[in-house]
Amino acid sequence: RARKRLEQKLVSIERTKGSEILFGVAPCSLALSQSRRDLFRLFLKQGGGSRQLLMSEFVLQAMARGVPVHHVHKRELDALCRGRVHQGVCLEATPLRFKSLEEDAKPDSGDEESPNQQLIWLALEHIQDPMNLGAVLRSAYFLGVDRVVTSQRDSCPLTPIVSKASSGAVELFDVYSTDDLQSLLKAKAAEGWEVLGTVSKHEDVENVPVISCSEFQWNKPVVIVIGSEGDGLSLETQLLCHRLLTIAPGRALHPGMESLNVSVATGILLHSICSQRLRH
């Protein structure tokens, strides 16, 4: 009932057709600075309190982009983002879309001129939780992943929740999608890339070897493939991998606690591999 009352308070604020509401300091600030979206209105909490300087900076950003600024009550911000943590800032903007691989003009594969170039792509198969997707994208951006590609089917879109969970990382770099992830993996393998899958248990899958991520040596471009929250990688995808990586636990695990959250596992795996790039 409380949420319904909040939404009723917002009758006077009509949304622009096709727009969505970003919320939170980092997503809104980066969306204002990166020019990757069309922007309609910035909503700031009235007063600002201890964040007065921050709010003034938002006003300057909005003025530079020609975005109207509206100072509203907290309850209106709560209603705009449906009660999520907005930190006093909401931004009405067009949605971000996945890019198709065909849109990319510049090839960045390990070609004849640089066969040992340390490139890393992250492929996501059926990641459905926006919080997980956002956390994965934040880690991918921080650790230097060259490209993220998601499967189109049964995958989460780039929603405002994803942007908030990524701390705005999704506002900074392109995320691609494909309707045929397995064909992409076959193509990268044919180009000389190593395709690495991920599993929770140290058991070989139909002659695909499983190794600890700490044992992996990076000497060619790689695609690391992460599976869905519940089922992990599909068997068809596992069979396309040259090797499967696992994370060694630090103790004997209780039944039902044998795996990590997908975003946490991705961060560990990416750091294990990307730290080798830093050493080189």
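Student: Why is strand E11 called largely enclosed by the rest of the structure?
Tutor: Buried means under 20% relative accessible area, exposed over 50%, partly exposed in between, with a 1.4 Å probe and protein chains only. Five of the five residues of E11 (residues 222–226) are buried, so the strand is largely enclosed. Strands here are DSSP runs of E with at least two residues, helices are runs of H or I with at least four, and both are numbered from the N terminus.

Student: What kind of model is this, and what limits apply?
Tutor: It is a predicted model: local features need pLDDT of at least 70, side-chain atom pairs count only at pLDDT 80 or more, and totals for chains, interfaces and linings use all residues. Residues are numbered from 1 along each chain as its sequence is written, and side-chain values use heavy atoms, leaving out hydrogens and water.

Student: Which way do the side chains of E11 point?
Tutor: Val222, Ile224 and Ile226 point one way, Val223 and Val225 the other way, and all are buried. In a regular strand the side chains alternate between the two faces of the sheet.

Student: What makes E6 and E11 a pair?
Tutor: Two strands pair if DSSP finds at least two bridges between them. E6 and E11 are joined by five bridges and run parallel. Ile120 stands opposite Val222 in E11.

Student: How do you know that strand E9 pairs with E11?
Tutor: E9 (residues 194–198) and E11 share three bridges, in the parallel sense. Val195 stands opposite Val223 in E11.

Student: What is the strand order of this sheet?
Tutor: Eight strands form an open sheet in the order E5-E8-E7-E6-E11-E9-E12-E10, with parallel pairing. What makes E5 (99–100) and E10 (210–212) edge strands is that each pairs on one side only.

Student: How do you know that helix H5 packs on that sheet?
Tutor: Contact means heavy atoms within 4.5 Å. H5 (residues 130–143) touches strand E6 (120–124), E7 and E8.

Student: What about the sheet with four strands?
Tutor: Its order is E1-E4-E2-E3, open, and the pairing is mixed. Strand E1 (20–23) and strand E3 (69–72) are its edges, each pairing on one side only. Four bridges join E1 to strand E4 (residues 89–93), and these two run antiparallel. Glu20 stands opposite Ala93 in E4.

Student: Why is Val264 called partly exposed?
Tutor: Its relative accessibility is 41%, so Val264 counts as partly exposed. Val264 lies in helix H9 (residues 262–279).

Definitions and conventions
Axes fitted to C-alpha atoms, helices over the stretch in contact; angles between N-to-C directions.
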